[in-house]
Amino acid sequence: MASPKSREQRSSDSSPEIDLYGEPGLYDTLQQQRLDYRPAIQREIAAAVEFAAGRTTLSLADLCCGTGHQTKEIAERLGGLSVAVLVDTNQGFLDEAARIEIRAQRVDCLCGHVCDVTFESRADIVLASFAYHHVPDAMKARFIEQTKAALAPGGIVILGEIFLPDRVTTLRYYDHLYRSLPAASQTSTLRTFLDQTAASEDFEYKVTKSFADGQFIEAGLVRMTEEKIWPLDGSFDEDVGTFVQVYRRD
């Protein structure tokens with residue numbers, strides 16, 4: 001993996017602050033080692049399966065889908081989807097999503113910012129897995145409106161998110177995350193990835209939980225369930241960390 005680039009280098013070549021966004025395979029591997037990310041993904045998948053119980057068909061829209069592996073697992077757990085819509089700004093991630101053959105009657109890959117794309121149909125489930133914090137604060141309300149635009153009445157939004165109140169807490173969160181990993185997972189590559197994520201000003205726009213809760217509720221979405229995923233050791237305030245929430249559109 002290349003050495004992290006300086007802000008001046010990134011400005012001159014328009015490359016991202018987070019190197020692994022250009023390496024889909026390694027990105028997936030390292031994300032799965034995280035103590036916050038992996039359990040949150042599994043809880044989101046379980047929420048989708050719980051919602052699908054008794055339904056014969058199900059459609060899903062995955063916002064900021066990454067490489068699409070989460071949608072693939074949901075589709076396999078459900079025996080297939082009618083429609084899977086995958087949205088991401090990273091064409092390399094979408095190429096990987098197309099390659100892994102998601103089990104769905106139709107798979108639409110939309111390359112573009114989630115706040116700009118047009119949804120041609122509405123989904124029963126909108127998956128917003130660590131997507132909200134990639135949207136600048138001034139655009140977060142638009143993100144939620146887009147979430148609603150993609151969601152059928154009676155459908156649910158599955159939100160996985162990291163809530164952090166300020167830069168100091170953000171740096172401390174990622175440092176604690178790394179130090180909490182088993183020794184075998186504490187590699188320099190993962191350390192660089194987490195450090196770049198913590199320091200990013202181009203892709204990471206984390207907010208407090210109360211801010212996010214207020215926005216989703218103000219948009220008319222009803223929160224059904226909530227679970228804190230990490231950390232659970234009392235090292236941070238109760239509303240700081242990774243959560244999985246399920247909202248319903250009436």
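Helix 3, strand 5 (151-163), strand 6 (222-230) and strand 7 (241-248) each give at least two residues to the lining of the second largest pocket. Helices (H or I, at least four residues) and strands (E, at least two) are DSSP runs numbered from the N terminus. A pocket is an open set of points on a 1 Å grid over the protein atoms alone, where a 1.4 Å probe fits, with protein on both sides within 12 Å along at least five of seven lines; its lining residues have an atom within 4 Å of a point.

The model is predicted: local features need pLDDT of at least 70, side-chain atom pairs count only at pLDDT 80 or more, and totals for chains, interfaces and linings use all residues. Residues are numbered from 1 along each chain as its sequence is written, and side-chain values use heavy atoms, with hydrogens and water left out.

The second largest pocket holds about 160 Å³ of space, a volume being the space filled by probe spheres set on grid points joined across faces, edges and corners. Helix 3 supplies the largest share of its lining, four residues. Among the lining residues are Arg43, Glu50, Ile156, Thr225 and Arg248. By class, five are nonpolar, two polar and three charged; Ala, Val, Leu, Ile, Met, Phe, Trp, Tyr, Cys and Pro count as nonpolar, Asp, Glu, Lys and Arg as charged, and the others, Gly among them, as polar.

The largest pocket has a volume of about 770 Å³. It is lined by 40 residues, of which Tyr27, Cys64, Gly66, Asp88 and His134 are the closest to its centre. Helix 3 (37-52) is one of the helices that each supply at least two lining residues here, alongside helix 2 (24-31), helix 4 (69-78) and helix 8 (188-199). The largest share, four residues, again comes from helix 3. This lining has 18 nonpolar, 16 polar and six charged residues.
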